[in-house]
Every structure is written in structure tokens, then in C-alpha cells.
Amino acid sequence: MAMLVVGTKEEGWYATFIDSVNRVSASNKYGITVNLEILEGIPFVEGERVIRDLAQTGEYEIIVGHSTFVDGVAANKADFPDTLFVYSGSGNDDHEGGDNAYWIDVFIHEPAYLAGIIAGLTTQTNRISGVAAYPFPNVNAPLNAFVDGARSVNPDIEVAGVTYIESWFDPATASAAAEAQIANGSDVIYAERFGPFAAAEDAGNVRAVGHFTDQLSLSPVVLTSAVAQWDTAFSDVLDAWYDYTVHGVPYNSPPQRIVYQSMVDDGSSLGAIAGDVPADVVAAVEAARVAILSGELVVPLKFDAFE
């Protein structure tokens, strides 16, 4: 299996998928081990060529690309019908998957909402904020849910800013954006990108929420993280590969995005909570988590850019 990434494999979006692949592989499903090769630093313009080169070797039965590489998948999938292609993320609505191309996605608005409860109950300024990549639907949903979660327990919450840095990986710009939000009174920042932790550390009285992976160990300012989980999604992809390879069942992906959008679907979870978060706050988060899992609490999906 090969995976193309635009930046580095340590970035949250990629790291959480890699973690899920490793967990599914460790489960020894079908008695097989998944050997994953990661190609880092692949620019969009090279995607189609790199995907074709990989497919032509015949060494990779599954090729995975971020949504950035959807054009490359679309250009190659018909020429390599025995290869299972996977791409993920939003922004692909003008493309269709189908056949041997699987468009999968996970939504993490529910754990972002839970993180917002922590922010709403621990903020000293009643001002929170967010630093994110682009105003894409998948980016906006957790930002909006974070604010909704905070306001569900603290109606005095104000947003000190949501900044889109127009890059998937630019820690310096993200840190600068966080500094500006801190200057505007924010003391809890939703860090959808790497960078804000450094600004929060420098400020000394500001906390942050991690995104995609459990980032509690990365900085003492982290309160918790909204974690994406691809285990079920990748397991379903592996089922399709196994059925095709062993039983000759044709690849038959739907053309639409396959979304694992809830904690109920194992598409997401809340990461570890910092030890200094008060017990009553942790209890409030746990009560909301249970309500989400039972269906009593439905966290709305809001895809519009926060204004």
C-alpha cells in the first residue's frame, strides 16, 4: 500500500490515518499485514504522474491520496482496474468516486463540541478563537462545533477571531495568527493547524485544543484534542480489497463520499483531557459524550465559514 502526502507524515491529517492503518494491520484482519509506504512532499501538480508510476509497478494494491490528489486518482483509476484507489477529505464535490476509487471521510465536529465545553467552562476572558487552514467544509465544521460547545455551557462566550492561514502547513503563520487572537483577548484557541501551541506557551496564560490526533503530549497548554479515527473506514476499504482479491467480487464503490460522521460510527473521539481540568468540567464533558452516543444530543454540522 502506498500513501501520498503533500507535506510531512507527522501532520495531523496524515498521522491520524497512518495510526488507523497501523491499528487495523495489528489486528491481523484476514491474517494479513498491511505494508504502508509513505511518499512525503508530493505537490499537487505531480500527483497524477506519481500515482501512475506507483500503479505501473504492480507492487501496490492500494494507493491512498489526500483530496489534493483526486484529479490524479480520476485520471488513473480506469487504466488500473485491479488497483484500489482511496482519497479523502472535502472539496471533491465536482468529482465522483465509484468502481475502484473510494472517497472516504470522517467528521470530528462532535469531539470538537466536547472540547468547546471545556473551553467554555475554563476560559477566564470568555473569549475563544481558532486558527485553521482553509474555509473548507471539513475545516469549518469542527470550528463551529467548538464555539457551539462553549456557548452551550457559557452564554457569555465571544469569538476573538477565526483565522484561515491559506495553507495546510505553515506553523509560523499559524502562530502569528494565534498571537493576534491572544492580543484580542482569546485565552483558548482551537488549533486546527500546527503553530498556535507555541504562541499559547509564550503567552503563559492561554490554552489550546488539538486537532486530528491526540496532542496532549505535545504541549502543556493543550486541554484536549478532537481526534479523527479512520479505523472503520480503512477496515471497510480492506474488506473491499479482500473480496476482490480472494473472491473476485468487483470493486463497487459508490460515486458519493462515504462519510463516517459520528462518534457512534467510530469516526471520531475526544482525546485525553489535561490533568489540571477540574473534575466538574470533566464530568460535564462525559455527560455530553454519553448524550451524543445515545442520540439524546445531536451536534449540528455547520459547514459555512465562521464569521
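How much area do domain 1 and domain 2 bury between them, and what percentage of it is on carbon and sulfur atoms? The two domains bury about 1,700 Å², 60% of it on carbon and sulfur atoms; buried area here is the accessible area (1.4 Å probe) that two parts lose on being put together, summed over both. Bear in mind that this is a predicted model: local features need pLDDT of at least 70, side-chain atom pairs count only at pLDDT 80 or more, and totals for chains, interfaces and linings use all residues. Residues are numbered from 1 along each chain as its sequence is written, and side-chain values use heavy atoms, with hydrogens and water left out.

**The two domains**

- Domain 1 covers 2-107 + 229-264, and domain 2 covers 108-228 + 268-294; these bounds come from an automatic or database domain assignment.
- Taken over C-alpha atoms, the domain centres sit 29 Å apart.
- Each side brings its share to the contact: 20 residues from domain 1 and 20 residues from domain 2 (contact means heavy atoms within 4.5 Å).

**What the interface is made of**

- On the domain 1 side, Phe107, Gln229 and Met263 lose the most area to domain 2, together 40% of what that side buries.
- Five residue pairs do make polar contacts across the interface, both residues at pLDDT 80 or more. A polar contact is a pair of N or O atoms within 3.5 Å; within protein, one must be able to donate a hydrogen and the other to accept it, and residues adjacent in sequence count only if both atoms are side-chain atoms.
- Helix H1 (12-26) and strand E5 (101-106) are the elements that give two or more residues to the domain 1 side, and H1 has the largest share with four residues. Helices (H or I, at least four residues) and strands (E, at least two) are DSSP runs, numbered from the N terminus.
- That side splits into seven nonpolar, nine polar and four charged residues. Ala, Val, Leu, Ile, Met, Phe, Trp, Tyr, Cys and Pro count as nonpolar, Asp, Glu, Lys and Arg as charged, and the others, Gly among them, as polar.

**Salt bridges**

- The structure holds ten salt bridges.
- Aspartate 231 pairs with arginine 23 at 2.8 Å, N to O. Aspartate 231 is in helix H8 (residues 231-247) and arginine 23 in helix H1, so this pair ties together parts that are 208 residues apart in sequence.
- Arginine 127 meets glutamate 158, with the closest N and O atoms 2.6 Å apart. The partners sit in strand E6 (residues 127-132) and strand E7 (residues 158-164), 31 residues apart.
- Glutamate 158 is partly exposed because its relative accessibility is 42% (buried means under 20% relative accessible area, exposed over 50%, partly exposed in between; 1.4 Å probe, protein chains only).
- Aspartate 276 and arginine 207 pair up too, with 2.9 Å between the closest N and O atoms. Aspartate 276 is in the loop between strand E12 (268-270) and H9, while arginine 207 is in strand E9 (residues 207-212), 69 residues apart.

- Alanine 288, in helix H9 (residues 279-294), counts as buried because its relative accessibility is 10%. Beyond four places in sequence, alanine 288 touches Leu114, Ile117 and Leu297.
- Serine 175, in helix H6 (residues 171-183), is buried with a relative accessible area of 12%. Leaving aside neighbours within four places, serine 175 contacts Gly195, Pro196, Ala198 and Ala199.

Technical notes. A salt bridge is a side-chain nitrogen of Lys or Arg within 4 Å of a carboxyl oxygen of Asp or Glu.
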